[in-house]
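Visitor: I have a protein structure to look at and would like a guided tour. Please keep it brisk.
Guide: Gladly. Here it is.

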Amino acid sequence: MVESPSAITRRHALALSLGCAALTPWHSSGQSPETQSLPSSTAVPPPVTWAPRPAFIGGPILFRSNTFSGPATWLGKTIVFRPGGGRFSALAGVNLNQQPGRYPLVLGGETIEVRVATHAYPSSTIRVPQRYVTPPREVLARIREETAIKRAAFRSSPPDRLWEGPFVPPASTRFTSSFGSRRIYNGKTRSTHQGLDYSASLGSEVRASNRGKVVIAREMYFEGGFVLLDHGESIFTLYMHLSAFHVAEGASVEKGVVIAKSGASGRATGPHLHFGVQWQGTYLEPSTLFGLWDS
Ligand SMILES: [Zn+2]
């Protein structure tokens, strides 16, 4: 991000547009491996498996156990192992700014070390209309209002699990731009891409990635047509640049139902679907999420 005083408003606006950076600093969730003092214990921790293996920075993690249920601690956050598919599971992730290393999963008073590997993310240069890099004064109030709506939505997730089983892709097309790429907008503002961009011609069907509740379905400045689904446990999926809504705020949706049509609204270079996944304030690499239940 540019650090000159004149860039603050722009940076703030951009961070808000990405829905997360202003709420949860990238660096807030981690504990470095050097500062962890792991309890020395001869007790055997409950058997837990996870995918992907190794876990990686910016990626989701699905922890599973045949025997352990209840709360656990991972990267300073509480996660809960709940029944599903004949086992207990908890869906979590690793912040993109976490250092690679070994981190403790603490459950039932025991600690399991989980290796988090590094991951290479590309860079790209994007050209968008200048009003999305330096928003004009007259839209700043609108952007602030929309930020408050998003913040409230991200804080309102119930502790219960609404999602069930695998998350599915929101579109049947290829994704053309990856999560985690460092982006430079119009040669100036730097940002990190916090989702996947699916190639989707105008009006393509957009489907709910899992069961959840529609907490936002409206037009926003940066997102354009925007749907935010709350899957419980502070797990959200985001769908942006939409041209039509097929669901209303407050509705419950089942996995795979059509929730919207794709478009090119908001800060978009052309028709596509931006799809994001957020876990406890951290954006995660979505494509890995779809395969976690296969292993
Ligand atoms: Zn995108």
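Visitor: Which residues touch the most other members of the largest nonpolar core?
Guide: First, a caution: this is a predicted model. Its largest nonpolar core has 63 residues. Nonpolar side chains tend to be buried together in soluble globular proteins. The core members that touch the most others are Phe-63, Ala-92, Val-227, Leu-228 and Tyr-239.

Visitor: Which residues is Phe-63 in contact with, leaving aside its neighbours within four places in sequence?
Guide: Phe-63 is one of the core members that touch the most others. Leave aside its neighbours within four places in sequence. Its contacts are then Val-48, Trp-50, Ser-89, Ala-90, Ala-92 and Leu-105.

Visitor: How many helices and strands does the chain have, by secondary structure?
Guide: The protein chain has 295 residues, and 41% of them count as buried. Its secondary structure comes to three helices and 21 strands.

Visitor: Do β2 and β8 run parallel or antiparallel?
Guide: Strands of a sheet pair through backbone hydrogen bonds, either parallel or antiparallel. Two bridges join β2 to β8 (residues 110–117). Ala-55 stands opposite Val-116 in β8. The two strands run parallel.

Visitor: How many bridges join β7 to β8?
Guide: Strand β7 covers residues 101–107 and runs antiparallel to β8. Gly-101 stands opposite Val-116 in β8. The bridges joining β7 to β8 number seven.

Visitor: What is the phi of Gly-108, in the turn of the hairpin?
Guide: The hairpin is formed by β7 and β8, with two residues between them. Gly-108 is in the turn, and its phi is positive. The value is about 55 degrees.

Visitor: Which residue stands opposite Arg-87 in β6?
Guide: Look at β5 (residues 77–84) and β6 (residues 87–93). They pair in the antiparallel sense over three bridges. The residue opposite Arg-87 is Gly-84.

Visitor: Which residue in β19 stands opposite Ala-244?
Guide: Strand β19 (residues 258–262) pairs with β14 (residues 205–207) in the antiparallel sense. There, Val-206 stands opposite Ala-260. Three bridges also join β17 (residues 235–245) to β19, again antiparallel. Opposite Ala-244 stands Lys-261.

Visitor: What is the omega of the cis peptide bond from Arg-53 to Pro-54?
Guide: Most peptide bonds are trans. The bond from Ala-51 to Pro-52 is cis, with omega near 0 degrees, and Pro-52 lies in the loop between β1 and β2. Pro-54 is also in the loop between β1 and β2. For the bond from Arg-53 to Pro-54, omega is near -5 degrees.

Visitor: Why does Leu-75 count as buried?
Guide: Leu-75 lies in the loop between β4 (70–74) and β5. Its phi is near 50 degrees, a positive value in a residue other than glycine. A residue is buried if 20 or more other C-beta atoms lie within 10 Å of its own. Leu-75 counts as buried because its C-beta neighbours inside 10 Å number 21.

Visitor: Is Glu-233 buried or exposed?
Guide: Glu-233 is in the loop between β16 (224–230) and β17. Its phi is positive too, near 55 degrees. It has 22 other C-beta atoms within 10 Å, so Glu-233 is buried.

Visitor: Where does pLDDT stay under 50?
Guide: The protein chain averages a pLDDT of 86, and 85% of the residues score at least 70. Where pLDDT is low, the predicted coordinates should not be read in detail. The stretch with pLDDT under 50 is residues 1–41.

Methods
Residues are numbered from 1 along each chain as its sequence is written. This is a predicted model: local features need pLDDT of at least 70, side-chain atom pairs count only at pLDDT 80 or more; totals for chains, interfaces and linings use all residues. Two strands pair if DSSP finds at least two bridges between them. Helices (H or I, at least four residues) and strands (E, at least two) are DSSP runs, numbered from the N terminus. A residue is buried if 20 or more other C-beta atoms lie within 10 Å of its own, exposed if 12 or fewer, and partly exposed in between; C-beta atoms are placed from the backbone. A nonpolar core is a set of buried Ala, Val, Leu, Ile, Met, Phe, Trp, Tyr and Cys residues joined through C-beta atoms within 7 Å. Two residues are in contact if their C-beta atoms, placed from the backbone, lie within 7 Å. pLDDT is the predictor's confidence in each residue, from 0 to 100.
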